[in-house]
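Here are my notes on the model you sent, as numbered points. Please keep the structure open while reading.

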Amino acid sequence: MLRIIQEAKHAHWIKLGTIVLLVITGSLCIVFLVNMITPYARLTKSCPASTFIELIFCIFVQICLILRLNDILYQRKGASYEIGLEIIVAGIAILSFIDFICWFINPVANILAAFICLFTFIIGGFEFAIWILQRFQKKEREQEFNVNLTQQISQTENQSSEKKKSKCMIALLYILYCFVLLLVILNTCQIIHEANHPGSLGDGEEYYVVKSQGEDVKIRTYCTGLKNLPQIILEAGGGSSGVDFYEIQSQLSQNYRVCSYDRAGYGMSWQAAAPQSSENTMIIAQQVMDKVGFNTSIPNSIVCVGHSVGGQLCRYYAQYMVSIQGIILLDSVPVMNWFYLVGVCQNQTANQVYAEQLSKQPLIQTMASLWPLYIETPFFMSSSGFEPPNLQDWVNWQITTTRNWYSQSLGSASEVEECNESCMQASIINPSSMINKPIIVITASNQSITCADRNLTDSNCQYYQCSMNASLELAQDQSLLGNQISTYVECPGICNHDFVWKQPNFIVQQIEYYIPLF
């Protein structure tokens with residue numbers, strides 16, 4: 001079959017077919033690029049940046065094939081410098097096949113990206129095979145001549161061929177091919193990293209399919225405790241999964257039926273369509289609660305415990321879901337209001353604070369778009385710090401997936417969109433925010449802890465004081481949104497935002513004290 005391709009008429013038709021495929025691939029590439037810049041739908045169950053990167057590699061090998069077919073059509077002899085370039089193309093093809101396998105092993109399989117990788121492997125392998133065939137045919141022709149004559153012809157061909165390209169052009173070609181190969185290697189490292197997922201947490205872990213904006217979304221859930229016990233739903237912070245609550249959940253399950261889950265795009269859950277608004281998140285959460293056996297039609301039957309962004313989601317649920325009995329916020333504040341208070345403390349105007357948050361969005365989008373290249377992943381890996389230690393690998397994995405960072409970019413965009421400049425300045429204590437239910441606010445801030453206690457000086461000390469005061473003010477304000485049982489609690493001693501897994505005993509003690517009062 002490869003010998004048939006050596007004929008000009010067959011090479012011509014294959015070239016035309018490759019150009020058509022190149023146009024289709026390029027069009028898909030533009031679609032995914034637009035979706036990365038301005039999210040408007042869910043194109044895959046994973047991050048669109050992953051598919052975009054695979055399309056770029058596929059376009060590269062298609063162009064390589066077209067150039068190889070041009071050599072056949074115009075009867076150009078292969079130059080000696082091409083051997084290195086062809087080895088690179090073969091390497092890209094092999095790595096693409098590895099990517100193809102790993103995409104299916106990934107807990108959130110990106111089928112489209114997988115088949116693009118397979119197509120890249122086929123095209124790259126086909127181009128390399130044509131080049132090998134050309135080399136063999138050239139040797140066969142040379143053997144028909146006298147050895148001396150063959151050497152003269154070979155030298156003449158090589159010289160005339162290599163004269164067509166300057167040393168500078170050859171160097172540029174090698175730089176380009178090596179750069180693409182480096183990107184492919186980095187991409188493969190990230191795909192292998194994500195395929196090497198930590199596995200199941202054991203009994204109690206289930207996956208359920210829910211609906212979000214007309215799309216199916218598979219969500220990982222983890223429920224412990226007897227089914228007839230009082231019910232608690234756990235909402236993790238931004239960029240995190242339900243595993244953050246593992247130790248707290250283990251302790252609470254002695255007296256409660258406790259369920260944690262990975263929100264769409266985080267942990268092992270599928271990506272949902274944009275926007276990642278509070279309303280869309282609540283629609284998924286309500287279905288998840290029903291799937292795990294928490295009947296959301298029964299009034300005051302579920303307590304929502306949320307950390308960071310998860311706490312604000314609990315506050316949102318309590319406003320619209322009759323099933324929410326009360327909420328417990330763990331170091332959770334309305335983030336835009338917090339930015340405003342910290343900014344004002346540092347002599348910024350509201351306009352400057354809001355403009356600063358808007359200016360961060362392109363950077364966050366860029367990080368999410370570059371994440372498939374494994375450039376940032378190693379910097380977010382930690383060898384210790386999570387409790388229990390045996391889940392450190394799980395945490396490292398879930399915060400370094402492409403879906404995680406894409407979801408974080410969607411969440412950050414929603415925060416800015418849902419609370420504009422006027423909302424940011426307004427007090428959160430207003431009629432629309434009132435909830436006639438218990439609100440317990442547990443903050444990691446403690447007004448008795450000074451800069452000296454944390455070894456902070458100068459600007460770091462000023463920022464710490466501004467952020468602590470903002471957190472305490474908003475903690476108190478949030479506690480005033482609920483009924484008479486509502487209050488706020490400061491974490492004793494030096495606590496940080498990670499006290500959910502660093503100091504779980506304190507958190508459990510507070511939860512078990514306040515829930516019976518609900």
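1. A term comes first: helices (H or I, at least four residues) and strands (E, at least two) are DSSP runs, numbered from the N terminus. With that in hand, residues 112–133 are 100% helix and 0% strand, and the end C-alpha atoms of this span lie 32 Å apart. Please keep in mind that the model is predicted.

2. UniProt, in an unreviewed entry, places the feature "transmembrane region" at residues 12–37, 49–69, 81–106, 112–133 and 168–186. For residues 12–37, the model gives 100% helix and 0% strand, with 37 Å between the end C-alpha atoms.

3. Now the strands. Which strands pair with S6? Strand S5 (residues 302–307) pairs with S6 in the parallel sense, over six bridges. Strand S7 (residues 439–443) pairs with S6 in the parallel sense too, over four bridges.

4. Helix H10 (residues 309–320) forms a right-handed β-α-β unit together with S5 and S6. Is strand S6 mostly covered or mostly open? S6, which spans residues 324–330, is mostly covered, with six of its seven residues buried.

5. On nonpolar cores: the largest one has 40 residues, and Ile219, Ile233, Met289, Tyr317, Ile324 and Ile327 have the most contacts inside it. Methionine 289 is in contact with Ile233, Phe294, Thr296, Ile302, Tyr317 and Met321, neighbours within four places in sequence being left aside. A second, separate core holds 38 residues, including Ile53, Val180, Leu181 and Leu373.

6. Serine 212 is in strand S1 (residues 205–212). Is serine 212 buried or exposed? The cut-off for buried is under 20% relative accessible area; serine 212 has 4% relative accessibility and therefore counts as buried. Apart from neighbours within four places in sequence, the contacts of serine 212 are Val217, Ala272 and Ile284.

7. The count of salt bridges comes to 10. One of them joins glutamate 127 and arginine 68, whose closest N and O atoms are 3.3 Å apart. This pair links distant parts of the chain, since glutamate 127 is in helix H5 (residues 111–142) and arginine 68 is in helix H3 (residues 48–73), 59 residues apart. Both glutamate 127 and arginine 68 are buried.

8. A second salt bridge is formed by arginine 263 and glutamate 235, with 2.7 Å between the closest N and O atoms.

9. Elsewhere, salt bridges that share partners join Arg68, Asp71, Glu82, Glu86 and Glu127 into one network.

Technical notes:
Residues numbered from 1 in each chain as written. Predicted model: local features only at pLDDT ≥ 70, side-chain atom pairs only at ≥ 80, totals over all residues. Heavy atoms only, no water. Buried < 20%, exposed > 50% of the residue type's maximum accessible area, 1.4 Å probe, protein only. Pairing = 2+ DSSP bridges. Right-handed = clockwise from strand over helix to strand, strands pointing away. Salt bridge = Lys/Arg side-chain N within 4 Å of Asp/Glu carboxyl O. UniProt positions renumbered as here; feature names shortened; annotations may be inferred. Core = buried A, V, L, I, M, F, W, Y, C linked by side-chain atoms within 4.5 Å. Contact = heavy atoms within 4.5 Å.
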